[in-house]
Amino acid sequence: MHVNPRPLDCEGRVLPPPTIQLQEEFIPQGGVWNMADKKLAKGANIAKWGCLCLDERTDERTLGDFLAALADMCYQQGVELDYASFVEFGGRNGMGTNDDIGGTACPLQRIKAKHGPLDLLLVVIHGRVDRYPLIKRICETDERMQLMSQCVKPRTVLKGQDAQTLSNLCLKMNQKMGGSNFGISRNNVFPREAKQFASAFKNAFPRPVMFVGADVNHPAPEEKRRPSVAAVVASMDVGPWQHAARVCLQKKGHEIIANLDRMFFELIEEFRSRVGEYPAKIVFYRDGVGEGQFFQVLVYELDKIQKVVNALPIPPAQRPKITFLTVQKRHHTRFFPREQKDAFGKSGNVPPGTCVDRGVVHPHEYDFYLCSHLGIQGTSKPSHYKVLYDESCFPVDVLHSLTNSLCYVYARCPRAVSIPAPVYYAHHAAFRTKHYLGTLDDGASLASGGARGALPLDDDDIRRLNEHIQVVPGLQRTAYFT
């Protein structure tokens with residue numbers, strides 16, 4: 001047996017970047033763009049907000065300079081951020097114990113009682129005591145609080161004049177508060193070299209399309225009393241600009257989303273209430289599924305989605321058509337440019353938008369590799385997509401370009417990312433719920449074992465836990481997870 005030392009030669013192509021829509025449209029080059037002199041598509045109006053500093057090493061002058069610089073950056077990017085209504089300081093031990101949500105010792109409760117409803121609370125967390133999970137759980141799951149929060153570290157405050165840091169913070173705040181950062185121009189998603197498919201793609205948009213991302217986060221093997229967290233995130237407009245999430249706990253290690261029908265039903269009804277009609281098509285990206293689980297996903301998850309769609313109170317001809325793809329990052333396939341002149345960036349990677357759908361893919365199934373992002377360091381890892389079901393019959397070029405375009409609307413940074421934005425958001429929503437679980441005490445959650453030791457969680461335990469980690473209704477409509 002002889003091992004060929006040369007890599008396998010395969011054909012690929014570079015998909016052109018989509019036209020990004022801010023207040024003005026532009027075409028990004030190299031998978032990244034600069035926000036200098038650019039305004040976000042829709043700036044949020046943050047009228048009543050305040051700052052709580054839990055780090056005793058941050059002085060008033062430094063914090064004041066940081067808040068002034070942040071307000072200036074928000075103004076430059078089109079976000080209406082008024083002067084802070086208040087700035088309060090609390091000690092690093094002021095958060096109380098993990099279960100001290102309603103106690104008067106909790107600075108968050110004191111602020112809510114003193115200042116009433118707020119649009120946003122900026123919290124400078126302590127550098128050595130990680131209270132981020134507790135702050136998020138109190139603000140987002142307690143009905144008495146129901147408060148949008150933005151946490152920053154002390155070192156971020158110290159870098160108060162750094163334009164890139166302030167710009168990224170502004171992006172997160174705007175998306176959380178109902179603004180719109182980046183969108184896709186609806187007339188420029190399809191590849192320019194495939195004009196014959198232009199009409200086919202435009203036909204997908206006479207009515208809105210809903211893009212969905214789903215993921216399941218599993219606990220570590222030694223965490224015997226922790227459940228898995230399933231998260232589903234869906235776009236809520238035609239941009240796609242805004243997204244909403246639903247999360248649910250399930251038995252540890254179960255990859256199939258048990259309550260997908262309920263979560264998907266709530267999201268599609270939320271879509272209808274915002275847009276005014278049901279979507280014409282649904283493009284569903286499922287992350288975290290191994291090749292041995294494709295059949296289970298088709299039998300259980302796709303079936304639940306179809307049942308929800310078939311039960312919608314609309315004529316059968318108007319029901320949404322479903323396209324279901326899996327996204328895989330855990331593989332060992334890498335691509336390198338054959339000629340050095342085609343290398344991109346300092347690391348010599350393939351250009352952003354490189355798509356390979358022949359030579360190294362399955363000979364009979366519908367799959368492709370897409371390296372949508374610019375590798376910052378090391379070799380870029382492409383994402384592997386497999387189309388398990390396509391009721392919409394998208395042309396191949398259109399589906400490739402649509403997937404690539406969704407990697408350009410990730411709201412937290414002005415660059416293309418490696419997977420579609422809804423899938424990235426599903427990661428964030430699942431990890432946020434994992435943070436909630438880490439702050440629950442034994443009596444409320446049974447997450448750490450308690451009297452029952454290391455026995456696995458039963459259905460009653462998971463049902464009880466689900467009651468403690470649900471985001472309050474007022475924030476479920478927002479992108480709280482960004």
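The coordinates belong to a predicted model.

The sheet is open and contains four strands in the order S7-S5-S8-S9, with parallel pairing. Its edges are formed by strand S7 (86-89) and strand S9 (149-152), each of which pairs on one side only. Neighbouring strands of this sheet are turned by 20° against each other on average, with direction ignored. Strands S5 and S8 run parallel and are joined by five bridges, and Gly-50 has Leu-121 in S8 as its bridge partner. Helix H2 packs on the sheet, where it touches S5, S7 and S8, and the direction of helix H2 makes about 150° with that of S7.

The elements named in this report cover the following residues.

| Element | Residues |
|---|---|
| Strand S5 | 49-53 |
| Strand S8 | 120-124 |
| Helix H2 | 107-115 |
| Helix H3 | 132-141 |
| Helix H8 | 294-310 |

Helix H3 is largely enclosed by the rest of the structure, because nine of its ten residues are buried.

Tyr-300 is found in helix H8. How is Tyr-300 classed by its relative accessible area? With a value of 46%, Tyr-300 is partly exposed, because that class lies between under 20% for buried and over 50% for exposed.

Note on methods: Residues numbered from 1 in each chain as written. Predicted model: local features only at pLDDT ≥ 70, side-chain atom pairs only at ≥ 80, totals over all residues. Heavy atoms only, no water. Helix = DSSP H or I, 4+ residues; strand = E, 2+ residues; numbered from the N terminus. Buried < 20%, exposed > 50% of the residue type's maximum accessible area, 1.4 Å probe, protein only. Pairing = 2+ DSSP bridges. Axes fitted to C-alpha atoms, helices over the stretch in contact; angles between N-to-C directions. Contact = heavy atoms within 4.5 Å.
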